[in-house]
Each structure stands twice: as C-alpha cells, then as structure tokens.
Amino acid sequence: MTATMKLGQLAEFLGATVSGDPEKIITGLATLQEAGPAQLSFLANPQYRKFLPDSHAGAVLLKAADAEGFQGDALIVPDPYLAYARISHLFDPKPRASAGVHPSAVIAADAQVDAAASVGPFAVVESGARIAAGVTIGAHCFIGARCEIGEGGWLAPRVTLYHDVRIGKRVVIQSGAVLGGEGFGFANEKGVWQKIAQIGGVSIGDDVEIGVNTAVDRGALADTVIGNGVKLDNQIQIAHNVQIGDNTAMAACVGISGSSKIGKNCMLAGGVGLVGHIEICDGVFITGMTMVTHSITEPGAYSSGTAMQPAAEWRKSAARLRQLDDMARRLKQVEKHVEAVTQGGKASSDG
Amino acid sequence: MTATMKLGQLAEFLGATVSGDPEKIITGLATLQEAGPAQLSFLANPQYRKFLPDSHAGAVLLKAADAEGFQGDALIVPDPYLAYARISHLFDPKPRASAGVHPSAVIAADAQVDAAASVGPFAVVESGARIAAGVTIGAHCFIGARCEIGEGGWLAPRVTLYHDVRIGKRVVIQSGAVLGGEGFGFANEKGVWQKIAQIGGVSIGDDVEIGVNTAVDRGALADTVIGNGVKLDNQIQIAHNVQIGDNTAMAACVGISGSSKIGKNCMLAGGVGLVGHIEICDGVFITGMTMVTHSITEPGAYSSGTAMQPAAEWRKSAARLRQLDDMARRLKQVEKHVEAVTQGGKASSDG
Amino acid sequence: MTATMKLGQLAEFLGATVSGDPEKIITGLATLQEAGPAQLSFLANPQYRKFLPDSHAGAVLLKAADAEGFQGDALIVPDPYLAYARISHLFDPKPRASAGVHPSAVIAADAQVDAAASVGPFAVVESGARIAAGVTIGAHCFIGARCEIGEGGWLAPRVTLYHDVRIGKRVVIQSGAVLGGEGFGFANEKGVWQKIAQIGGVSIGDDVEIGVNTAVDRGALADTVIGNGVKLDNQIQIAHNVQIGDNTAMAACVGISGSSKIGKNCMLAGGVGLVGHIEICDGVFITGMTMVTHSITEPGAYSSGTAMQPAAEWRKSAARLRQLDDMARRLKQVEKHVEAVTQGGKASSDG
C-alpha cells in the first residue's frame, strides 16, 4: 500500500548524501520517538534533538551539523523538514483514482471532461464546465455550470462548486468545502432584508489548498479572488469580494468579512476575525483569535484578546477592566494631588 | 446567459425616472470603478461619490440630489442601494432548474412533490415529506421524513434536512447547511455522558436565508424556531431550542448556545458567541467576536474583547491586565494616603 | 410514530416508583410548562420548581423530596434528568433504518458490510472497508478505503470518512462531519508552502459522538486519537495529531490546533481555541471563547476575554487597556512619592 524504497533511492530522490547503508529498506515515516527500524525519521526542531540518540529509526534526515557523532544511518540534507515534506508523498497511503468517469456520475452533455481526468461516483458536472487532465473529482462532488478546474487538481469527496468558479492548476480542495456560495448581501428596506443577487464568481489561483468545510463566497459583482499558493485550513469563512494575496496561509476557523483585502505572505493563526472593507499589507502575522478591526499598513505581528487565567482571577480582572476608565481618571487625580503636595513639601523644606 | 435590457425597461421595473437615453442597452451590473459602457452602476455610499465623474458606467442608479450636474445617463430613485438589490436578480447568471424530478433521485412512495417543483440528481426525499410548488431541491440534498418545504424555496446542492423540519415560503438554503441535527444533549452519570434523544423538530419561517455550512439543531423537546425574514450567514451554529425573532440577521461564524432567545431586528456581527439560556431583546446590535454572557434587556450596541495592538505591546497589556486587581487595590491605598496627607496639609495650614 | 406506554411500564423501564395511576397512558415528553395530560415531564433544575404546581403534565419524573405534597402522578427516581435521558429514546421519532444495502449504493467488491448493517442511498464504501453489525450508514455517506466502523454505529446522511479511519462501537456521527481530512501540514521553502502528505489515520473510541460539520483531521505520521465517550458538538475543528482523553466534552465551534493533547473528563465551552503543541490535564473546565495559549497542569476552571459592555463604554475600556502599561508605571511612581511624603510626614510628626 505504501512504498518500499532503499535509502540510496531516497537519497537520489532528494539529492541527499547517504551516511550509512544505501541498501537499507525503508517502508514508512515516523517521529524520532515512534520510528521503527524500517522507518525514516527527521530532526528539524532542535528541541527534539534529545530524542535522536535513543531513536530506533532505520534512518534519519539530518543537517550536516546534527549528523556529527550520530551512529545510525542518515540522509544529510540542508533542510530536514523540507526533505521530509518532499519524501512524505512517497509514503502516502491515499488511494489514487484511475482516469475515467464513474458510470453513476451525471455529466452535462456540453461539459468537457478530459480523458485523463477522474470523476467519482455520484458526482454531478453541469453545463459548460471544463475539467482538465489529471484532475480528480471525488465522489458526491458538485461542479456547477461553467466552472473550470485546471490541470492536476484534486477534489476530495463531497466538494461543492456553485456555477462560475474558476480554479487554477494543482489545487487541492478537502471535503465539505463550498466555493461560490451566495454571499451575505441584503439591503434593508424598512426593517426587512431584501436579497441582493450575487452575480460575481470565484477565482482561485494555482497551487491553492482549501480545507475541510471551508466556505469561499462568490463576489457580489466581480469575483472573490484567492491568489497563487494560498493555503486555507478547515472551517474558514471567506466572504464575498475578498481578495487574498499569493502564498498567504490561514489556520482553521478564521473568518474574513466582505470586501477585505489581504496581502501576500501573510499568516493568520486560528480563529482570527477580520471586519469588512479593510486592507492588510504584505507580510503580516496575526496571532490566534485576534479581532482585526482596522487596516494594517506595516508588516509585523499583531494581537488582541487577554491572557488566560484561572476563572476566579479572571472574573476579578474582567470586573476591574470595566472600571478602568474610572481608575485612569482617579490615577490622574492622585498624580495632581501628589505633585501639589510634593511641590508643597519641597517648598516647605526649602523654606 | 444574463439579461439584456434597455434603460427604459429597467426604469419601468423600478418605477424610476430616466435621465438620458431610455434606449441604451444594459447587459450587466458593476461598481462605479469597474463598470463599462453596457453596465449599470449605483451610488449608495457617499464616500464613493468621488468615483462618479470618471466612471465609464453606461448608466448609474442615483438619488435626485446626486444626479444634479451628472453628465451621464442615470436612473433616479429614492434608494439606489435598494434599487440595485431589486435589479440584481435580473442579471443573475445562476442557472434556473426546470420543474421535474431527476431520474436518479430517490423519492419515497408517500412523499408529496409538487409537479411544479424541481428535484436534482441524487437527491433523497423520505417518507411523508411535502415539497410545494416552485421549490428547487439541488443535487445531493437529503430531505428527511415528514419535512415540509413551502412554496418558492431554493435549496442549493447538498443541503441536509433531518426528519421533521418545517420550512416556510421562499426560504433559501446554501450548500452544506444542516437543519435538524441532534443537539448536544447529554446527562452526566458518574463522569460518563448519556445521550438524550432530541425529539423536537425545527421550524423555519418565511423568507429566511441560511448560509453555507450553517447548522440549526432540532429541539430537545419542542422545536428550535427561526422567525420570518431571518438571515443567517455561513458557518453559524444554532443550538437546540434556540428562538430567533423576525428579521434578525447574523453574520458568519456566530454561535448561539442552547435555549437562548434572540429578539426581532437584531444584528449580530461575525464571530459573536452567546451562552445558553439567555434572552436578547429586540433591536440589539452586537459587534464582532463579542462574548455575550448574560441577557440584554435594552436595545443598543454591545461589545467585548480588546483592541488589536502590535504583538509586543499587546503582550505588555495582557500581562498588566492580570495585575489589574492588584493595581486597583494599590490605587485605592494611594488615594487614602493622599487624602490623609492633603487633609493633614490643610489642617496644618489651618493651624 | 412515537411510543405509547403506560406509566407503570415506564417505571419498570427506569426502576422507578410510581406515585399515582400506573395505567395512565404516556405518548410523549415535554417541559413542565408545555406538557399536556398525555405527556411526561421532569423536574431536574430547582429553579423550575415553581412551574411544578401549575403543570398540566400527565406525570412528572421527580426526586422523592420534590414529590412531597405533589398532587399529580409521578415517577420517583434518584436523578430525574438522567431518567429523562434514558426515557427520551423511547419517544424519539427518528426513523430507524432497516438492515440491508440500498440498491443505489456503491460498495467495493472487497469491502465487508455485515448483513445486519444498513447502507443508505448513494452511499459509497471503498475498498477494504469493514462495517459491523447494527451500523447505520446514512444516504450520501462516503466511507474511505480500509475504514472500520464498530457495532451499533450511526452515521447520519452525508458523513465523510477519508481512508484509514477506525471507529469504535456505538459511535454517532452527525451530518456534514468529515473525519480524516488532510491536516494543515506545509513546509515553507523561500516563502512558498510545500505540502506534507498526511500519512497517519484517525482513531475514534467507543461511545463517541461527533457533531454536525465537525472536522477531525488525520494524523501527519501517527493517528489523531479521540478517546472513549468523547462528545464533540457541531462546527468543531480537531487538527492533526490531537489526542483527546476519555469522556471529555466540547461544545460547538471549538478549535484545537495540531498536536495538542487534552486530558480526560475535561469540558470546553463553545468557541474555545487551543494553540498547538500544548497539554491540558484531566478535569479542566474552560469557559466560552477562551484562548488557551499554554499548557494547563492543574484541574479547575480557566477563562480569558473581557466582559460584555455597552459599546460606548467598551470603547473607553479598550482604549484605556492600551494605556495600561503606562498606567501601571505611573501608579508605581505615585506610590513612591506618597511613601516619601508620608514617611516625611511621619518623621516630622515624630519629631
């Protein structure tokens, strides 16, 4: 099910130097603590170096510096974590779909499905959709009218694309994700919400990953746009008209409100929320569960929220926080008195 | 795919006044900045007025006041945003399903599907369900036993209704939404959680919209109730027994805990959380990511959380916050000393 | 559709004492306020005792102490809430699936489906999967390669299991849940994110419940592990490599980051977030929307965040909070001055 490879073959794949037996058989990957004699491991984070001497791993991906004095077999690479990333795909037990359309799938007469694409059971592909070579459409996927999916894309079972969603090459979409849903657009008429048709689409760049149950709404007028190399984790909400720059990554449970624009190479930790109609520049890191209420124009790290405390202490802090404006005014008052007194004191000792 | 209409026809549809050429052809909608000569635009927010003079829009929806001095073609209306909302549906490229049941759908013998309803591929409609005229059931939808869907409803592909979910007229439900899931009901028996069957249903009013991947749990005993005109955005969680009043709107990622009751015409911004068993009166606005821990009895705006700061400053604030109770006591102490000293000072100057 | 039982039969089922007419017919359950003469109710929370005298319930589950002086029919039990939990299943209108595979389902030739299991319409069961006796697989479920589902499990319609997900006995999974999605694993190579294959699986214990649209990612190398009796509510995110101890419960919208480990018998309220690579000991309770940024080693309750205020007051608090570090330093300064002055004062009054 997973690969069986010699250490020397892995070295060749990675362009690594073998230290030890190139004929050793490797059948899987594991952490230093858990790896057995047929498994390859890696040392990337220095705080795990303590596990290296006692590891039972068959071989270890190591930097040259970490390999000094190491008795076991190793592959010497400049970046062990990156080497692990590349090699992980060789040992992935994920089933590969074979090309062809499952007989149960419902494909519109004028949809174009490349002969080298795979379409799973109960998938629906609607009118005018175009699916390129090497694309996998999982079971229960729905591909709306006029959608385009570029070469090498992989859609897990049960992904839904509404109509007019355009997806680049090598895009991975996990189960339950919904692209092109109708954004939250309503005009208020005397207390009653009137729906605004969402007539834009969704445009997804190349090499994007979209996580489980993540939602990307279609644009109200123009497209919602996700740049190349963007990585969205699970349970994320991307509202209509949002734009996300290349190689930005968002951890799970982030919510981005409508028409906000996020730069390139940003990282949003889990649970971050952005209000609508703001702009985040390139290179911004936002820590977990931060509420972003205004634009950010300088790269750097940003936070909001309070530190966790035992609940009894927290209740005191929270109560005091509501008195903070009062405290600030009283402090100012005290400072004035003290200034008056100490000046008075000075005056009298001077006298 | 989208409509082609004359400006005069649009004026008639809206009851608007044409300023300019009623024969001009309009084929779509766009913002002032992006509209081309065959597109209609609108000016609703005064801060976009600066884009009006240079807009290439074929025509613009304007208030009479904004139309003064405008050289281009225009439709004069009292509320341009509302006019845009109404007209947007004419240009919506969303495919319209034709009436009839797709041959692959599985419909229970005793389910009632109106001849003027549409049921998509691989949909399942269970025993005793009733689907009214003009309803669209998208592909992969599951309609549980005894569910009722009122006239003109539109269910996107892959919507799940458990059994005994009753839905009013003209309700829109986006993909991945789940109505009637079994709420989080457990009784703790010596550390082990015993499941409580959730025997209530879900009752949804008329003109409701439910967003992508939003969950509305069934009631534990009676129904969970969503009022008329309620709009729920994506990724929302509505727990068992919740009641939501008419025309209340919630942005994405809101979570409402069990048995809470929310009034009419409320607005909850994104990421708001409510604890269970509380009551929010009519006309309340809650800002983004606020944690609502007690009932609200007065209309108005409410907030919690802290403002975003650069992370280094935030760490200081967060550390200080944990000292706040101590600071408050020390401030009080200082005030006493100062009062004693200044009174002492007064006394001596009196003497 | 629901049961019809005599009070005496219910007493026998529960091991309760009947106070009143054992021949009374009970057809359903309801709260004290809503119950009619054929419905059973219960008094668990003392604050509802006020509703007991005027209740129209046909009978009430009561503790012996609460039954004193009660005129109506009752079932006397040591724990009325637990009795209600047990009895609720008798009155559950949820349709029961009959054993057998729906003709539309697609089952791999080498998958093992027990003859006493039920597989619904359009379900897909892939190669090597094993489904035990008494399991219900709802419509539109996807059961990936080599998955195992233990006896008595119940999967609502539209549950997705990727390959290699192992599930214990009597596990309940609600619609839209996704187990085994590919976790957020990427190595950064000069600003570009390189995907790390997620080669571990998911291991779920016995008697677990997983809520609507909840996601449990597969492990990066080893399995993500959910212990026995764990209850996960809706819209939860469990990242790769997380471990959750027995009988821990999490309310909706919780997010657990990668490789974090949570003990037994913990309770996480709604919207809580955990950063990755931390450890929570047994018996911890975390209040709603708390951000957990470090390990917890002592049982007890923990919180973060601020209390809700009217928005105008909140804005002042939030502004002051950003001045808190400055205030703390000024307070210290004032204390020094006051100390100097009062000591000076003391000295002079001593003199």
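Analyst: Start with helix packing. Axes are lines fitted to C-alpha atoms, for helices over the stretch in contact, and angles run from 0 to 180 degrees between N-to-C directions. Helices (H or I, at least four residues) and strands (E, at least two) are DSSP runs, numbered from the N terminus. This is a predicted model: local features need pLDDT of at least 70, side-chain atom pairs count only at pLDDT 80 or more, and totals for chains, interfaces and linings use all residues. Residues are numbered from 1 along each chain as its sequence is written, chains are lettered from A and ligands numbered from 1 in the order in which they are written, and side-chain values use heavy atoms, with hydrogens and water left out.

User: At what angle do helix α1 and helix α3 of chain B pack?

Analyst: Two packed helices are described by the angle between their axes and the distance between the axes. Here α1 (residues 7-14) and α3 (residues 80-88) of chain B pack at about 110°. Their axes lie 11 Å apart. Angles under 35 degrees count as roughly parallel, over 145 as roughly antiparallel, 65 to 115 as roughly perpendicular and the rest as oblique. α1(B) and α3(B) are therefore roughly perpendicular to each other.

User: Which residues make the contact of α1(B) and α3(B)?

Analyst: Contact means heavy atoms within 4.5 Å. From α1(B) come Leu10(B), Phe13(B) and Leu14(B). From α3(B) come Ala83(B), Arg86(B) and Ile87(B). Five of the contact residues are nonpolar, none is polar and one is charged. For these classes, Ala, Val, Leu, Ile, Met, Phe, Trp, Tyr, Cys and Pro count as nonpolar, Asp, Glu, Lys and Arg as charged, and the others, Gly among them, as polar.

User: Now the sheets. In what order do the nine strands of chain B run in the open sheet?

Analyst: Two strands pair if DSSP finds at least two bridges between them. In chain B the order is β10-β13-β16-β19-β24-β27-β30-β33-β36, with parallel pairing. The edge strands of chain B are β10 (112-113) and β36 (279-280), each pairing on one side only. Look inside the sheet: β27 (residues 224-226) and β30 (residues 243-244) of chain B are joined by two bridges. There, Ile226(B) has Ile244(B) as its bridge partner. In chain C, two bridges join β30 (residues 243-244) to β33 (residues 261-262), and Ile244(C) is partnered by Ile262(C).

User: Which strand of chain C pairs with β39(B)?

Analyst: Strand β40 (residues 309-310) of chain C pairs with β39(B) in the antiparallel sense, over two bridges. Ser303(B) has Gln309(C) as its bridge partner. Within chain B, β39 (residues 300-303) runs parallel to β37 (residues 284-286), joined by three bridges.

User: How many residues of chain C are in contact with chain A?

Analyst: 75 residues of chain C are in contact with 71 of chain A. Buried area is the accessible area (1.4 Å probe) that two parts lose on being put together, summed over both. Between chain C and chain A it is about 6,100 Å², with 66% from carbon and sulfur atoms. In chain C, Phe184(C), Trp193(C) and Leu221(C) lose the most area to chain A, together 12% of what that side buries.
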